[in-house]
Amino acid sequence: MRRQPQTCIFVLGGKMAAAEPDMEPASAPCSEFLNFSAKDTAARWLTAVDLQQDVFRHLAVYVPRILCLGPTGVNSREEQREELACQLLLLAPLEWLLLGEEPAAGLARLQENNQPSPLCGHVFKVGEPTYSCRECAADPTCVLCMQCFLGSVHKDHRYRMTTSGGGGFCDCGDSEAWKKGPYCQKHTPTDTSRDTEEDPVAQLPADVVARCFSIFSIMLRYAVDLLTWDQEDELPAGLKPPDRADTFYCMLFNDEVHTYEQVIYTLQKAVNCSQKEAVSFATTVDREGRKSVRYGDFQFCEQAKSIIVRNTGRQSKPLRVQVMHSSVVAHQCFALKTLTWLGQIIQYSDGLRRILCQVGLQQGPEGENSSLVDRLMLNDSKMWKGARNIYHQLLMNSLLMDLEYKKIFAIQFAKNYRRLQTDFMEDDHERVVSVTSLSVQLFTVPTMARMLMVEQNLMSTIIRTFVDHLRHRDLQGRFQFDRYTAQQAFKFGRVQSLIGDLKYVLISRPSEWTNQLRLKFLEGLDAFLELLKCMQGMDPVVRQVGQHIEMEPEWEAAFTLQMKLTPIISMIQEWCCTDEHVLIEAYRRCLSALSQCHSGLPDGEQPISLSLAGHCVETFRYQVSQEKVSIHLPVCRLLAGLHVLLSRTEVASRVPEQLPLGELSPPLLIELPLRCLVLCAQVHAGMWRRNGFSLINQIYYYHNVKCRVEMFDKDINMLQVGASMMDPNHFLMIVMSRFELFHIFSSADVRKRYREANKDVVQQNNTLIEEMLHLIIMVIGERYVSGVGQVAPFDEVRREIIHQLSIRRMAHSELVKALPENGNKETGLERVIDSVASFKEPGVTGRGLYELRPEWNKHFNLYFHHYSRADQSKAEEAQRKLRRQNGEDTALPPPPLPPLSSLFASLVNLLQCDMLLAIEGAVLQWAVEPSGGGWTESMLQRVLHLVGMALLEEQQQLENSSIDDDIVTFNYTCKITRPGESPSPSGSVLALLESLQNAPHLEVHKDMITWILKMVTNIKTMRERTSATSSYTMSPGAGQEETVRDRDKAERKRKAEMARLRREKIMAQMSEMQKHFINENKELFQQSLEELEASTSTAAHSSSPGLVPTCVSQVCVGPRRVGGADQRQLVTCILCQEEQEVKGHGRAMVLAAFVQRSTVLSKNRHRSLPNPERYDPVFQHPDLSLGIYTASCGHIMHATCWQRYFEAVQVKEQRRQQRLRGHTSYDVENGEFLCPLCECLSNTVIPLLPSTPSPDNSVDHPSLEAWINTTNQQIATLHSAYRRQTDGAAEEAEPEAPEGFRVDFTPQSSFSSSISEMINTFSLSTYKVTLKLNPNDADPRVPVLSWFTCAYTIQSIERLLMDEDKPLFGSLPCRQDDCLSSLTRFSSACWTAAPLKTTHTHFFRLFKALVPDSQDENTPCVIDIDMLHLLVYTVLSYSSVKSLDQCGRSGVDSAHLHILHLIIVAHMVQILLTSTTEDVCMDQDSEGSEEEELTCRLYDTLRKHLGSALPEVTSGWQLWHCVKAAILPFLRAAALFFHYLNSTAPPADLLVAGPGQWEALCSYLSLPCNLLQVYQSQHTLMELLIHRWCCHPGVKRSLQGGGVIVRFPRESNRLIDLPEDYSVLIYQASSFTCPRSGGDKSRAPTLCLVCGAMLCSQSYCCQTEVDGEDVGACTAHTFTCGAGLGLFLRVRESQVLFVAGKSKGCFYPPPYLDNYGETDQGLKRGNPLHLCRERYRKIERLWRQHGIAEVIGHAQEANHTLITIDWQHL
Ligand SMILES: [Zn+2]
Ligand SMILES: [Zn+2]
Ligand SMILES: [Zn+2]
Ligand SMILES: [Zn+2]
Ligand SMILES: [Zn+2]
Ligand SMILES: [Zn+2]
Ligand SMILES: [Zn+2]
């Protein structure tokens, strides 16, 4: 079945379970089984007359009883019992019989005596890593398992790593598979190893051998009979159960047509099961291939069957369902168990394995192809998936592991090949579960492939089978794929696997040929030529004129075929070139095939004769633009390839008499390739526009690296072949004629006429001329094919790389993509790359790049034949720029070329033939006039290039000619001095060039023309020298030339230097201006985008107000605090650009902000998310399992401007949703929007508030005790007032209110209504995000949650700064600074938006935790409170109480200091209670200091209260250090909090990292350096409080081990450690099984980077319901692990996945790089990958900075396809 989330396939299986619970189980294994004796049974069988009959009788009785248990469901206990019963009752007697003794002992003995073959044979699980050595593997299918690889020599070689698709086994120990190092350490043969030739059966005792034969025959036959059994209600003879109970199963089978959804839906209807059960059935069907879905009587099952068939048969073939008798199913089950058992038994002994092989392959009574193995194979496509998997596994364990029988099996396989493939075509299962997939195991063994080719004619068989299955032909017998149906397309897909088999057979070339092999190979070649003939000329096109074509013709099928065959064609050529005889014969046959294709080619075409400049040639009339033309010419191209091979192997020169060269007609040879090339030219010229995209795509692939080797490249070769055998003038005349340009060059007035004609035609012709010149350049200049030019393959690859790198720097993978691959996935790149390029390392982003070394620039050829037009112009630009930078001239002359092979030597004559000179002359003549559309620059450039090539050729020939040589025949310099002949009666080419040299309209070409003229002079001097004197002194001409060049160079250098100086001056001026600008617009600049990018710029920004250290003793809390408040704060709205002062009563200004849940600091990921209705946020547990983090991009707007903007976004979104119904990257309904300036994801705004006023120095500072008393009184007063309000009149003694404290006072709001509204907005957003509830401003928790996010954000940032070793102040980027400051000020004011009573009640509770009066279980104990949260909440809620105090005698600041003191003591108590200080005696230098003494005293107090719950610690030094380290994070966070609350500048010591932090921190917080003094100075009071804290029952409970104890300092969370080598991860993931579907391998194992959990992602089996929606394992996990946010590594894909909520996610590059500095997302390239720690740290930092959601937002904005992915299904 098809899977929905991604198109995977689904199916059903072997294990029984039925849905109907009200049927009685047939009969359970009961006590009689216990009395059963396997030994006795075996003894009885030993004496049996007919063993098979006795065994069958036994099976007939027991199998249905054990394996027909009815509706057992998916119950693992039942399964285990069943398993056990099978072993004891059915298999054990067989084992006894086989071994003649107790099985365990017998098997151990067998194993001991076994001398195993050195093959590893480990069968790969799905997803397991496999390794292949790129240097030593015989072919890429040779792989090693991880263990073998690590123990092999290849781990130090260049290797590839891939993940197995399942099936296949380790090739360790197979000497044919490896050129070197075939054995790993474990499998290296030792002296005791058996000689492979020896028969392992001979080592077994004779009686065992005999019994083994009969048992294996009986059991294997039994299994085969039942698996191939096709009756639903009957059993084979001898197996009829003695007491037949008529129960049935309704068995559902897998297919690849129906989707999971369809099956699940149908099952729910048909068998009345729950959705969950249906999913489980469907999953099993997918995995096993079949599954019983109902158990009961025949009618009952039949009814379900008909519903299923009816329901699924509407649109397609219905699902296959069978009602089967339960005993049939039971025996089939046991048959599978038997096969598994056989597979296990033979592992103990190679002898047993050999016997099983013999039994399996023994011919049956029906003769040919009747062995048991044959029967299995031939029934393969009828079996269900589970059965196939099991018997394939057995084949691999037995036949494929036995070298002798592997051959016999291979022969059987080859004999049945056609039939198996035909079955596979009809079967709808994937290939991995088809027996045909075994071909890779057999055909890739070179000796085996060769043997099968010779004995079974395998090559021809494969090709003929292939051709037979492709039945779509046109009238000429060519393939025709248009209008083919989906069914045919499916078949076409299947048939392609045959090409894969052919590839295996041909993958290794023979080193020696026998006559038989020659014969069979050539026979195969004949079959192959038949195939190519069907392709020759397929999909012809005709130019569409007038109307555009109506329907795009089908083209992909033909190209798919071409693409698949490309490596085969190349391999056939490689085979041919290893044997002279084969090559000659192949050439003959190919030629005759081609002439068959050509027959009829010239017929009906009118012969014409062309003449020009005294040359005359016969050809026929044919125009590409008017007649049929096809891109597919595989026969021609194969011939071209073979022709080149004749030259490479020198067969052509050694035995020319054996070659049919005389039969060749060069004009015919070039005809079809030329047409094809002209077609491309015409398409470029825009003449085929009306033929649509199908043609454009074909042309694209024709040149593409995947096809070009056997398409475009070979066409060029064929033209070279033709041209080398023809008169060059004739060749060019035919070319001109096919380009439909002959008339233009043949008479002058035609040209004139045509210039006046239609502009389109002029342009068309210009392009065609350009294309033709380019083609001529390629025919003469493309010599980097061994055989055409005198080059080695090394040169070929090097040239490709040089030209790729001439475009720009490239990454390794880009280069690989640009090169054609061979069978070994090798491009030859590695051998070459270091010789031409240097490597640039990748940074934290980006990838490693190669850069061409400058000395190779001179090899650059602008007309390199593999450049696309875009490549060409990019390369040209890059090269000119480079030359200008180096101060060189910008001419791009042709590079020096390698010499041609002798067979192609005459190609150079094209350069100096009359026809080319005429063309050159004509173009140069046109160029004299400035262009008016009559010629183009590219045309001229190409002509100049051709002239340059000719001159280089002449120079080269002159240099190489020795003195005695006859005169160099190539004399271009002489020819170009001749004046032009008619029809262009102009000056000579040389004269024209000289006159063009200074033409103003040809400035760009000046350098090139100059280069040409210099060459001419140079060559003339050389000629004079060689003809005049034979001395080889340096010619003065050359010397002079040198000096001229030097002078030129010097002049250019000077100019370049001047230019550089000028540039520098300008740059300096600009940067000056910039600085000025920045100073003037500081505010603006700080908010600029760039600043955002550098997220943690460390530059201390002195500009921010309040940060300048002003005096020595800065204090931020308490009556001595220093306020920095009185500065006016001016900000600018990013929307309306107006400036505005931040004031309490002014227009509200807001900061865009994003509030999110966070678990980054969590110390307890097992705690589930709070129930939103009952969650009490007043006390935070120190495990910080959930936090609320607020971030901002720092962009400020007017509240009104923002509201208008947000409304506009909403409206736009509504309209868009109506239209497109898609998602966006942000969720407007949840208040999300993108910051209008920087597009940062935001979901609310924080109001900007003015800072706290400076402290009033006139008031008193009451003592702690006094303050506590007053506060207690105030609380009591409020309490009774509130009670009065609720209870009505209940009169009570009113407690005495403290002086000036007025319960009925209503404080005046200090904020304007717009600010109040914004305070409310932010409070409610926080509420909504935290609780996922609808906003409710009556909920008393609203203000607490605002304090919550303030405290948590400060805490997170403190951790970040600590972990990154940054100073506490001054290192935050200003957006974070602004965010914290506005967040804190907002939090201090948010109580004003809530009813006073609410805040008061919160304060009462918080205060009670610090100053407990009686035992109260509602208040958590001191161990279970996070102290920073307590501090922030208490300080901020106190304001609401203080606001009623009108006496004005004490300030709020004293209270803050008292609260801080109380909490510090509480925290120290908390730390001491939870510390695990073991009494390690450390040397102490000093006498116990005061701190240490006091700490000891405090600890003793605690022990007094709690006794033995606390360990004894005597070292005060240790205790004090423990306290100091543990309390530091709290002090730092508190300092941040008061800093932002009171705007106090921090002391200088805290602006830098370094020593003195502790002292500075304490003094900033108005604390003594010896914190214990806080406790000591109020000793009595504190002792009392400590007593009360310790008495809380929670303390004892926790210390005795109830719940998680958090210890201080809390360690920062990190992402999990990842292994250095990626394959370790793959290996781990491959053994990971889906936790839900009983041991099944997970398809998409995914690792949570936060907690290390492995998940079964993207799969039905592991979907869970979250808030009423089914989500995949990853999304579900994020809700338990990351509060909705998750970071994962998808192991199979090598991809990092970020998800946020249910609908958002993105992929991120993984932190693994290969040696070329690149990631491998999707694991496609297979290079070894290693962890890049910097990149991993970057991801970790992103997470700890709460930046993931923002990354997702940006990614989705940048790439809208990400929005359409169903992230929740991952
Ligand atoms: Zn292995
Ligand atoms: Zn091995
Ligand atoms: Zn190797
Ligand atoms: Zn504004
Ligand atoms: Zn912004
Ligand atoms: Zn699963
Ligand atoms: Zn996790």
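In strand β5, Val-321 is the bridge partner of Leu-252, and this pair belongs to a predicted model, in which five bridges join β3 (residues 248–253) to β5, the two strands running antiparallel. These strands are part of an open sheet of three strands, ordered β4-β3-β5, with antiparallel pairing. Because β4 (290–296) and β5 (321–325) stand at the edges and each has a single partner strand, one side of each is left without a neighbour in the sheet. From one strand to the next, the twist averages 30 degrees. Helix α10 (residues 298–312) lies across β3, β4 and β5, and runs at about 135 degrees to β4.

A second topic is the metal site. The zinc ion (ligand 2) is held by four donor atoms at 1.9 to 2.3 Å, listed here by residue.

| Donor residue | Donor atom |
|---|---|
| Cys-148 | SG |
| Cys-172 | SG |
| Cys-184 | SG |
| His-187 | ND1 |

The angles among these four donor atoms are 100 to 116 degrees, and the site of the zinc ion (ligand 2) is tetrahedral. Along the chain, the donors follow the spacing C-x23-C-x11-C-x2-H. Cys-148 also bridges the zinc ion (ligand 2) and the zinc ion (ligand 1), which lie 4.2 Å apart. Since Cys-148 lies in helix α6 (residues 146–150) and Cys-172 in the loop between β2 (159–165) and α7 (206–227), the pair ties together parts that are 24 residues apart in sequence. Both Cys-148 and Cys-172 are buried.

Key
Residues numbered from 1 in each chain as written. Chains lettered and ligands numbered in written order. Predicted model: local features only at pLDDT ≥ 70, side-chain atom pairs only at ≥ 80, totals over all residues. Heavy atoms only, no water. Donors = N, O, S within 2.8 Å, 3.2 Å for Na, K, Ca; no water. Tetrahedral: all angles 85-135°; square planar, octahedral: opposite > 155°, others 65-115°. Helix = DSSP H or I, 4+ residues; strand = E, 2+ residues; numbered from the N terminus. Buried < 20%, exposed > 50% of the residue type's maximum accessible area, 1.4 Å probe, protein only. Pairing = 2+ DSSP bridges. Axes fitted to C-alpha atoms, helices over the stretch in contact; angles between N-to-C directions. Contact = heavy atoms within 4.5 Å.
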